[in-house]
Amino acid sequence: MDKEMLQNNVKAGGWTIFLDRDGVVNKRKYASYVMNRSEFEFLPGVLDALVEFSKYAEKIVVVTNQRGIARQLMTEEDLADIHAYFLEEVEKAGARIDRIYHCPDDRNSGSTCRKPHPGMAEQAQKDFPSIQFFRSIMFGDSMTDMQMGRLLGMRCVLIGSERIPEALYDFKLKQLADFWN
């Protein structure tokens, strides 16, 4: 499915947008973590893209691995404050995020919430029973994002320049805002 066809499907309604956070919504801190609201920097065009998604998508959900908590570099309270700021700015822009799910576990913990495992998306579906994965799009910047999306039968859009096998995504965009351009 190409970008134009996927845009038309989203505009027709009934689709869920799943977004990774770091590297898709906000600037990723390489070799570190966004640990407080002052370090949270929206990527160009993201708020405008969220306004467009808000017009058409049934649900908009963020699913984010946050292993900085497991590594004791930040707390659940730090993350809650970052997400409160994120949601305030989204609302000011006239957009919405229906829910943010995070997994605080470390890579080797065996956690089923940590992407590429589907735990966060499955919890979203429990919380919002109207979510149908075959009518969902996963926007992410990593292999684990794409693997989770494929595992659940979502359309997958790779954001950025990460080298990932093409079979894991439907198409690639430089940034989230390019979906609507």
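Modeller: A residue is called buried under 20% relative accessible area, exposed over 50% and partly exposed in between, with a 1.4 Å probe and protein chains only. Helices (H or I, at least four residues) and strands (E, at least two) are DSSP runs, numbered from the N terminus. This is a predicted model, where local features need pLDDT of at least 70 and side-chain atom pairs count only at pLDDT 80 or more, while totals for chains, interfaces and linings use all residues. Residues are numbered from 1 along each chain as its sequence is written, and side-chain values use heavy atoms, with hydrogens and water left out.

Colleague: Which residues of α5 are buried?
Modeller: In α5, residues 143–151, they are D145, M146, M148 and G149. They cover an arc of only 160° around the axis, so they lie on the same side of α5; the arc is that of the directions from the helix axis to the C-beta atoms.

Colleague: And what do the buried residues of α5 pack against?
Modeller: Their partners are β2 (59–65), α4 (119–127), β4 (136–140) and β5 (155–159), where contact means heavy atoms within 4.5 Å.

Colleague: What makes C103 and C113 a disulfide?
Modeller: The rule asks for a pair of cysteine sulfur atoms within 2.5 Å, and the sulfur atoms of C103 and C113 are 2.0 Å apart, so they form one. C103 sits in strand β3 (residues 99–103) and C113 in the loop between β3 and α4, so the pair ties together parts that are ten residues apart in sequence.

Colleague: Why is the disulfide of C103 and C113 called right-handed?
Modeller: Because the torsion about its S-S bond is about 65°.

Colleague: Why does C113 count as buried?
Modeller: Its relative accessibility is 18%, so C113 falls under the 20% cut-off. C103 has 0% and counts as buried as well.

Colleague: In what order do the strands of the sheet run?
Modeller: Six strands form an open sheet, β3-β2-β1-β4-β5-β6, with parallel pairing. β3 and β6 (171–173) each have a single partner strand, so they stand at the edges.

Colleague: How do you know that β4 and β5 pair?
Modeller: Pairing needs at least two bridges found by DSSP, and four join β4 to β5, so these strands pair.
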